[in-house]
Amino acid sequence: MSLAENLDLIQQRMRAACRRAGRAEDSVLLLAVSKTHSADAIEAMVNCGQVFFGESKIQEARAKIPLCPGKSRWHFIGHLQSNKVREAIEFFETIQSVDSLSLAGEISKRCIQAAKTMPILLEVNVAGEAGKFGYKPEALLRELKEIAALPRVEIQGLMAVPPYSTDAEKSRPYFRRLRELKDGCGKILGAGLLHLSMGMSGDFEVAIEEGATIVRIGTALFGERRRANLAKQNFEN
Ligand SMILES: *Cc1c(COP(=O)(O)O)cnc(C)c1O
């Protein structure tokens with residue numbers, strides 16, 4: 001299938017999931033996860049009308065984003081180290097993967113210097129998996145007000161990657177838990193949060209049924225990520 005056909009099919013499936021859930025068909029943003037894929041592939045996607053793209057490594061973003069069409073807009077979705085925050089602010093309009101007060105503080109500091117405001121999502125380790133990035137729910141609730149008080153960062157919602165499974169239904173309880181946590185955050189902050197970023201190629205329809213407002217889809221749009229892609233593009237560290 002061509003990229004255009006992949007995109008069309010994903011959009012159809014997203015609309016159908018919205019209808020099943022009684023939601024407006026345009027209530028979910030498609031973030032095309034382009035990691036390991038070339039600027040040419042991204043340009044082809046932009047020519048099909050796709051606007052929002054996600055990358056998970058600063059090193060790759062730095063090499064690739066300047067080669068992509070100006071119409072493309074970028075969210076950072078990977079683990080972000082403090083020493084890369086300055087560049088993250090340069091290339092990305094949203095950082096979806098904030099998982100500590102110190103990282104949020106660094107983003108705030110760099111945004112003050114750059115006279116920018118950064119929308120952020122807080123990443124939650126929703127299944128408490130060992131070795132996985134993201135806030136524990138209790139820690140998030142504890143630090144939420146302090147993050148919200150930081151200048152020039154704007155908490156827009158939560159993001160999570162549930163445990164890998166080939167059965168989309170296995171993700172449903174985790175998506176539900178993230179939605180409940182978002183409601184809890186809204187109560188603490190006194191205002192509801194806008195976004196729930198959840199759902200990937202294998203489980204985005206279930207995520208939409210559970211309230212996702214952003215789905216992050218790579219493989220089902222661009223095809224498999226191969227190490228050959230990485231080597232060819234010289235994006236390896
Ligand atoms: C790679 C990645 C995705 C996309 O995964 P697919 O299964 O290829 O759709 C989504 N979210 C994050 C955080 C990722 O790193």
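How far is an oxygen atom of the ligand from an N or O atom in the side chain of Ser 201? The distance is 2.5 Å, within the 3.5 Å limit for a pair of N or O atoms that defines a polar contact. The model is predicted, so local features need pLDDT of at least 70 and side-chain atom pairs pLDDT 80 or more, while totals for chains, interfaces and linings use all residues. Residues are numbered from 1 along each chain as its sequence is written, and side-chain values use heavy atoms, without hydrogens and water.

| Residue | Distance to ligand oxygen |
|---|---|
| Lys 35 | 2.6 Å |
| Ser 201 | 2.5 Å |
| Thr 219 | 2.5 Å |

Taken alone, the ligand exposes 390 Å², of which the protein buries 86% (Shrake-Rupley method, 1.4 Å probe). Among the residues around the ligand are Val 33, Ile 77, Met 200, Arg 216 and Arg 225, each with a heavy atom within 4 Å of it.

The count of disulfides (cysteine sulfur pairs within 2.5 Å) is zero. For Cys 48, the nearest cysteine sulfur belongs to Cys 68, 14 Å away. Cys 48 is partly exposed at 36% relative accessible area, whereas Cys 185 is buried at 0%; buried means under 20%, exposed over 50% and partly exposed in between, with a 1.4 Å probe and protein chains only.

Gln 156 sits in strand E6, residues 153-159 (strands are DSSP runs of E, at least two residues, numbered from the N terminus). Gln 156 is buried, because its relative accessible area is 17%. Beyond neighbours within four places in sequence, its contacts (heavy atoms within 4.5 Å) include Pro 119, Leu 121 and His 195.

Definitions and conventions. Helices (H or I, at least four residues) and strands (E, at least two) are DSSP runs, numbered from the N terminus. A polar contact is a pair of N or O atoms within 3.5 Å; within protein, one must be able to donate a hydrogen and the other to accept it, and residues adjacent in sequence count only if both atoms are side-chain atoms.
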